[in-house]
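User: Here is a protein that I would like to understand step by step. Please take me through its main features in plain words.

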Amino acid sequence: MKRRVAHLPLHGGQAPAWLFKRMTRLAGAVTMAIVDQFGPEEMLARLADPWWFQAFGCVLGFDWHSSGVTTVTCGALKQAYRQHGRDLGIIVAGGKGGVSRKTPDELARISDEYGINEGDRLIYASRMSAKVDSAAVQDSFDIYHHSFFLTPAGQWCVVQQGMNEQQKAARRYHWLGESVRDFVCEPHAAVRDVDGLFGTGQRGKKPAGGAPRQLLLNMVAEEADANRKASAELIRENPDWLLEQVKRYTEGPTLFAPTRHRVLDLDVSRSRLRKIVVAAHESDPQDFETLLGTKGVGATTVRALSLLAELIYEAPTSRRDPADAKLPGKPGSESTQDRRWADYSYAHGGKDGTPFPVDCATFDRSIEVLNRAVRSARVGDNERVEALQRLARVSRGDDGAA
């Protein structure tokens, strides 16, 4: 499992219809070219790389600061899938807002259509990736976009985004399900801290008005293992006893030192919490992953159990931001430190006019060249593809031939 994170500043505006149409055509052409040359699993690996994804968005017509790159790039890929179907090489489900909540139904239909035997596994991956980033990792970003990409063989990746309206910032989460071992313990091979890369400088700032930011909670950190086990153990206890502990540890203004006040939301609805706790208790979860997957168990319940587990069992929680881990370079490839994804916005320009207005003639020519190369390769003529490969080698400086 690989899970990576990107930070982005929020901006207004949207991609105009004439540009989105071109984005869809180019996104489809690029995807088919990559799938034909390297296989569909490589396209998933690239979508799961936050650096590559951002560069891809810039090529599609976003400037280096466009926060809409996530939703519109994913939307363009989904529209390309609608247009090309199986020929695209990958399958796209999910989307923004209410559409994201229909992802499990989409995956069920897709599994039937493509004869994928493990459709339930894909639905579980979709639900758990969303649950981890919305409830198990509480970093002040609320998930509102969830796109699920998969191959006919059942390989998958997720690109989802959360928003912090007070900080005017967004955070993008990338998942690649290459070898799922554990959804709730370091479910990533690497997490990229891109505050500096994306220039947001948002982490650690107080929201507008000076209100304190909610203390970060990372239940999927390796060091939170004891707390995860204790949280599941708590929910297996008698619900009346557990709710009495919640009451004990949240009543009264002087119970905790001031630094503890942000750990547990004191405005939690105990009546609602009782319903959730009883339902979770009846399901008898033997581990934290099962607990997290229980219907109704969200961020408030996870935070309450985590705090109680810390106080009762002395099982420490983790406050480590999941974006703090460094992302190692891909073995055998050039370091992305030698390139800047913002450079790719110079390919066709940006929708906001930065670094220059979208050059429609160049944009259309790029689409035409890629589509011709894909069509030619699919009928056995690789001359155009080989020409593009030679151009890529020359641009990297590792081939002296023109």
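**A guided look at the fold**

User: In which loop does Ser140 lie, and what is its phi?
Analyst: Ser140 lies in the loop between strand E3 (137–138) and strand E4. Helices (H or I, at least four residues) and strands (E, at least two) are DSSP runs, numbered from the N terminus. Ser140 is not a glycine, yet its phi is positive, at about 80°.

User: Thanks! How many helices and strands are there in the protein?
Analyst: A word on the source: this is a predicted model, where local features need pLDDT of at least 70 and side-chain atom pairs count only at pLDDT 80 or more, while totals for chains, interfaces and linings use all residues. Residues are numbered from 1 along each chain as its sequence is written, and side-chain values use heavy atoms, leaving out hydrogens and water. The count for the protein is 14 helices and 7 strands.

User: What share of the residues is buried?
Analyst: Let's settle the word: buried means under 20% relative accessible area, exposed over 50%, and partly exposed in between (1.4 Å probe, protein chains only). Among the 402 residues of the protein, the buried share is 50%.

User: Why can strand E2 be called largely enclosed?
Analyst: E2 covers residues 91–96, and the rest of the structure largely encloses it because most of the strand is buried. The count of buried residues in E2 is 5 of the 6.

User: Which strand pairs with E2, and which residue is the bridge partner of Gly95?
Analyst: Two strands pair if DSSP finds at least two bridges between them. E2 and E4 (residues 142–150) have 6 bridges, in the antiparallel sense. In E4, the partner of Gly95 is His146.

User: How is E6 placed, and which residue of E6 stands opposite Val159?
Analyst: Strand E6 (residues 169–176) is mostly covered, with 8 of its 8 residues buried. Ala169, Arg171, Tyr173 and Trp175 point one way, while Ala170, Arg172, His174 and Leu176 point the other way. E6 pairs with strand E5 (residues 156–164) in the antiparallel sense over 8 bridges. Opposite Val159 stands His174.

User: E5 and E6 form a hairpin, so to speak; which residue in the turn has a positive phi?
Analyst: The hairpin of E5 and E6 has 4 residues between the strands. The turn residue with a positive phi, about 55°, is Lys168.

User: How far does helix H6 reach?
Analyst: H6 (residues 119–136) has 18 residues.

User: Which residues does Thr31 contact beyond its neighbours within four places in sequence?
Analyst: Thr31 lies in helix H1 (residues 17–38). Thr31 is buried, with a relative accessible area of 0%. Contact means heavy atoms within 4.5 Å. Beyond those neighbours, Thr31 touches Met43, Leu77, Leu88 and Ile90.

User: Is Glu314 buried or exposed?
Analyst: Glu314 sits in the loop between helix H12 (299–313) and helix H13 (360–378). Its phi is near 55°, a positive value in a residue other than glycine. With a relative accessible area of 70%, Glu314 is exposed.

User: How many disulfides does the structure hold, and which cysteine has the sulfur nearest to that of Cys157?
Analyst: A disulfide is a pair of cysteine sulfur atoms within 2.5 Å. The structure holds 0 of them. For Cys157, the nearest cysteine sulfur is 8.6 Å away and belongs to Cys74.

Note on methods:
Expected span 1.5 Å × (residues − 1).
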